[in-house]
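We will go stop by stop.

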Amino acid sequence: MVRFQQILRRLAIIDEGVVQDQAGLRLGQAEAWVLDPKTAELVRIAALVATRSPAVCLEWSTTRAMAAGATEDEITDVLLAIAPVTGLGRVVDATPGVANALGYDIETALDNPIDH
Amino acid sequence: VIAKQSHGQVRTVTGEDRYVADYLYREALTGQPKAVQRFLRRTAVLEQLCGPLCEAVLGSSTAAMQLRRIEARSLFLTPLDGQRQWYRYHALYREFLLGELRRTEPGIILTLHRRAADWYESHGFPALALEHLLYTDDSDRSVRLTARLCLPTYMAGQLSTVQRWLAALGDANIACYPPLAVLAGWEGVLSGDTAKAEQWAAVVDAASFEGEPASGAASFDSVRAQLRAGMCGSGPEQMMADAAFSLAQEPVWSLWRGEALWLLGEAYLLAGDLDKARDPLIEASAASAATGNADTIVICESELAWLAMERGDWQEAADRLAVALATIDENRIHDYVTSLLAFSGAARLALHRGDSKEAHRQLTRAMRARLSATYVLPFVAVRLRLQLARMYLALAEPATARQLLREIDDIVSRRPDLGTLIDEVRDFRDVLASRAASRATGTLPLTPAELRLLPYLQTHLTAEKIAERLFVSRHTVKAELRAIYRKLGVSSRDDAVQQATAIGLLGG
């Protein structure tokens, strides 16, 4: 695989190594922050929803929030909390990406008669 | 014909070519006298042949002689032993002969299989007898023989054989014989198939059976109580009552006694009575060693090792884990759900000794196989994940610990009554929360859904096809694929397979 393909692939899946080292975006948290990591990740989800980011960004960010200790309920609360300021459309848009990261197959769930 | 098929291209004719092979086989067959042809066709139902077996199946006293004559003419027979007693046909040739048999004498096939089964059973090869019985319409006899063989076969490390038998019999036949339905329930429990376990547990609960079950248990009620105890649907007290009931029924020579003792020990553990748990677990391990029940030895020794580590007795723990791991290797039961606690115990021991490479190896083994530990064997499923979560937290990987805790929550939502295990989970949750401020996220583990997807990456199936097989949407498969790549640090399917194999998540 040639370099440009490597980079495009890794950006498309949000490979943190590439994002930090090659794109120069700092994903981690500076020691001086007062905000705890979990809250910081929740705020990031909110920002991604508000800027109508692609599903893969939402999946990635939601996974990070979960890894930092956020619960499923906290994450759905973020969606509810920002709906009045972002508008319903942005939140609805974001739902499948967030659901995917929570391991909830929302498409199948909506298609099927029984919940699972 | 070959030329037409290959569109005029020049190609080499190999022995594997279907037409050529068929042609050769047919030549080899039709060149023989009629009696030999019949002999070859009819004995093709046998995977292995010997003189007396052929005589029994064909009902002819000259069959043994015929077999020797055919061997002398080297008609695709391969000897299996030095004494030239057992033979088998070349696999493709046998396929061809079976095709001929189905074409020319379809009516006789059932009879041939029944005779083979009779011979094998009367000569002390019940498992081989069953393989033939499954082709006949004698479902009653098949069901009983399966019930008799299930436990010893499972104990010998061949769960997949048991699964094949049960699938061949079909649900309707199994349901007709309650002692076999119990075994089908256990099959679901031990393979982590929650739907099957629940289905058979319901059948078993509603059933009744008098007399002596073919499975070798003291009574149907005794094994039913064991299944109920293992699934622990009504809490530790009921589990203890069920285990004690079964134990009182099973005599010392019973194959099922070890299991009753193990379940009793587990019930004491859930009740928080660690001292009382010890004796039945030790006795269970000894009883299982006497009956050759490998998986019960493994899980009892693993539980005892963990108890020893809690007391700080590392020597006893090391000895017990050595027994457990050796038993796993000997019986090749690495994929049994009952082996998982041995892996996590070995990981803890390795951590204690400062051997982090070995610890990670054992942790990966347990993490990979944890899918089969589900809420239908809840005390194992929760205890295993709790042990793993503690170790991952100790290794500064809180994200993995959290993932495991989420899986525990999922199990507990279906089995809320797990005694002191629930308290242990709560305590651990507090510990984890108090470390929430830690900056490091660490590497993330694959979730159960992602682990389930992983083996499909080795195939050529597209995301759509994989989604169909796993009963999920295409979007989910694609999202999980991206997550797998991200977590493994790769960007292609091939690399993902390679990396997963390298870290022990795929392959043997």
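Select B:Gly272. Just after helix 16 of chain B, this glycine has a positive phi of about 80°. Helices here are DSSP runs of H or I, at least four residues, numbered from the N terminus.

A word on the model. It is predicted, so local features need pLDDT of at least 70 and side-chain atom pairs count only at pLDDT 80 or more, while totals for chains, interfaces and linings use all residues. Residues are numbered from 1 along each chain as its sequence is written, chains are lettered from A and ligands numbered from 1 in the order in which they are written, and side-chain values use heavy atoms, with hydrogens and water left out.

Now select residues 257–270 of chain B, which form helix 16. How many of its residues are buried? The count is 14 of 14. Buried means under 20% relative accessible area (1.4 Å probe, protein chains only).

Next, pick B:Trp186. Setting aside neighbours within four places in sequence, its contacts include B:Trp256, B:Glu259, B:Trp262 and B:Leu263. Contact means heavy atoms within 4.5 Å.

B:Trp186 and B:Trp262 are among the residues with the most contacts inside the largest nonpolar core, which has 102 residues. Such a core is a set of buried Ala, Val, Leu, Ile, Met, Phe, Trp, Tyr and Cys residues joined through side-chain atoms within 4.5 Å. Select residues 378–394 of chain B: this is helix 22, which gives the most to this core, 11 residues. A second, separate core has 39 residues, including B:Tyr87 and B:Leu130.

Last stop: helix 19, residues 314–331 of chain B. Its buried residues include B:Leu321 and B:Ile328. After the helix comes B:Arg332, with a positive phi near 50°.

Notes. Helix = DSSP H or I, 4+ residues; strand = E, 2+ residues; numbered from the N terminus. Expected span 1.5 Å × (residues − 1). Buried < 20%, exposed > 50% of the residue type's maximum accessible area, 1.4 Å probe, protein only.
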